[in-house]
Structure formats: C-alpha cells, structure tokens
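Visitor: I should like to learn how to read the features of a protein model. May we go through them one at a time?

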Amino acid sequence: GIARRDRGFRERWFVVDVEPDDMAALDLPAGCQWCDPRRPTTHVQSGLRHRRWEFMLLPGETPADFDDPSRVWELLDGHMRPDQGEIVRYAVYTFRSLVADTMRAGRVLLAGDAAHLMPPFMGEGMCSGIRDAANLAWKLDRVLTARSGDALLDTYTSERAPQNLAAIAMSVEMGKVSCVLDPTAAAGRDAALRTGAVPPPPPLPRLGPGAHLGTGDA
C-alpha cells in the first residue's frame, strides 16, 4: 500500500550478457558509455568472466524485435563476434525513476529497488541500496535487542530519503545526456563535453535529519 512517485524518466533498453572465450581479445575498457545518437550504448565488465552491453531501443522498436538471437548479434556487431563467445541472457528493461513515499509502514521496511528506482547511468542503484541496508541494519539490531525504542526506525526514511532523491535526480540528468537521439542536439552536447563546458555532477548530500545528531555521518 505504499505509493510511489514518478520522477519523469522512462526509457527502454535492451540488456545483453555474454561470456567471451577470451576477455582480453575484445580489447574493451572495463566500462564505457557510447553517446551515439544512432543508438546509445553502454558496456560494462561484469565480474571476471562476463561482459554486459545495453542498447537503447529506438522509436518504433519493440522487445519482440529482438527475440531472435541473430538480431542480438547484429547489435553486438563491431563489439564481439559469435565465434568469440556465447550469449548468456538478454532482456528488455524499462529504466524508470520512482521513489516510495515512505520507506517504513509499521513492520514493513523498504530498501533498494523496492524503495527507489533510478536510471543506471550513474551506477547509483545498487550503491543506494547498500546505503539503505547499512543505515537500517544497526537500527533494527538495536530495536530488536531492546536497546532502543521503535521510534528509531522512523529515522530510516528521514535520513535516507533526501540522499536517494538526489541520486535519482542526478541519474535522470545523466540519462538525459546519454539518451539523445537528435544528431544536432548530440553534436552540441559533444562539443560542450569536449570543451569542459559541462559542470561535474554535484556530490550526494549527507543524510537527512534523524539519529545522527546533525552530523550526517551515521
């Protein structure tokens, strides 16, 4: 019954996980974003044995267009050949920006994707979930061992929500930079990036008010 607010970002991307026979032979960096208006693409190393590519679906494309593995290899053309490894899995994901109105409702406590969804362009989804877990774990421990009252759990939302909202906003803005399909707009973006005219993303704020006595460090 906890409502979620939509922060206005929604794009579909095709995610492909592969296992190369020889990782070094691909000669690719550990992670990169190709802001190509013809099809924005992300590549990341996923552990020691796997690579992941993410391809933005273009207007008019549907998930069913990529049911055939041969279409998947068409997307991978220029990155990896069929004789260089195997496709492990592929699926279409909808990148959203949603945040729960509260992270606590009685005995229900939300963390990670259950509490907030954000585009993956800043790598903040899992990081925010880990921060949620770290914040919640010691509070649950104190309440369940009767060293603190139940009200301590109310500080979970007040502390974590501001930082999660900032991570969502930052990820949405980076998504807007990465998902440009208009060639003219993309050329302007590229020129600005090459000249350093784009400011760096702001640091995440400290924790909101709660159990940390105003330091924001807990």
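Guide: Let us begin with a definition: a residue is called buried when its relative accessible area is under 20%, exposed when it is over 50%, and partly exposed in between. Please keep in mind that this is a predicted model.

Visitor: How does Ala161 count on that scale: buried, partly exposed or exposed?

Guide: Ala161 has a relative accessibility of 23%, and therefore counts as partly exposed. This residue is found in helix α3. The C-alpha atoms of Ala161 and Pro200 are separated by 23 Å, and the two residues are 39 residues apart along the chain.

Visitor: Let us turn to strands. How should I read the side chains of a strand?

Guide: In a regular strand, side chains alternate between the two faces of the sheet. Here, strand β2, residues 31-34, pairs with strand β3, residues 41-46, in the antiparallel sense, over four bridges.

Visitor: How many residues lie between β2 and β3 in their hairpin?

Guide: There are six residues between β2 and β3 in the hairpin. Across the pair, Trp34 stands opposite Thr41 in β3.

Visitor: And how should I read a helix?

Guide: An α-helix has 3.6 residues a turn, so residues three or four places apart point the same way. In this model, the buried residues of α2 are Glu124, Ser128, Gly129, Asp132, Asn135, Leu136, Lys139 and Val143.

Visitor: What covers the buried residues of α2?

Guide: The cover includes β7 (108-109), β8 (116-117) and α3 (155-178).

Visitor: How far apart are the end C-alpha atoms of α2, and what span should its 21 residues have?

Guide: At 1.5 Å a residue, helix α2 (residues 124-144) should span 30 Å; the end C-alpha atoms are 30 Å apart, so the two values agree. Just after α2, Ala146 takes a positive phi of about 60°.

Visitor: Next, I should like to understand pockets. Which residues lie nearest the centre of the largest pocket?

Guide: The largest pocket holds about 750 Å³ of space. Its lining comprises 28 residues, and those nearest the centre are Glu54, Phe95, Met118, Pro119 and Pro120. Two or more lining residues come from each of β2, β3, β4 (50-56), β5 (85-100), α2 and α3. Of these, β3 gives the most, with five residues. By class, the lining has 13 nonpolar, ten polar and five charged residues.

Visitor: What is the volume of the second largest pocket, and which element gives the largest share of its lining?

Guide: The second largest pocket has a volume of about 350 Å³. It is lined by 15 residues, the closest to its centre being Glu173, Met174, Val198, Pro199 and Pro201. Helix α3 supplies the largest share of this lining, seven residues. The classes here are 13 nonpolar, no polar and two charged residues.

Visitor: Finally, how many cavities of 30 Å³ or more are there?

Guide: The count is one cavity of 30 Å³ or more. The largest cavity has a volume of about 50 Å³. Among the residues that line this cavity are Val99, Asp101, Met103, His116, Thr157, Ala161 and Asn164. The elements that give two or more residues to the lining are β5 and α3. Helix α3 gives the most, with three residues. By class, the cavity lining has five nonpolar, four polar and one charged residues.

Methods: Residues are numbered from 1 along each chain as its sequence is written. This is a predicted model: local features need pLDDT of at least 70, side-chain atom pairs count only at pLDDT 80 or more; totals for chains, interfaces and linings use all residues. Side-chain values use heavy atoms; hydrogens and water are left out. Two strands pair if DSSP finds at least two bridges between them. The expected span of a helix is 1.5 Å times one less than its number of residues. Buried means under 20% relative accessible area, exposed over 50%, partly exposed in between (1.4 Å probe, protein chains only). Contact means heavy atoms within 4.5 Å. On a 1 Å grid over the protein atoms alone, a cavity is a set of points where a 1.4 Å probe fits but cannot get out, and a pocket is an open set with protein on both sides within 12 Å along at least five of seven lines; lining residues have an atom within 4 Å of a point. Grid points are joined across faces, edges and corners, and a volume is the space filled by probe spheres set on the points. Ala, Val, Leu, Ile, Met, Phe, Trp, Tyr, Cys and Pro count as nonpolar, Asp, Glu, Lys and Arg as charged, and the others, Gly among them, as polar.
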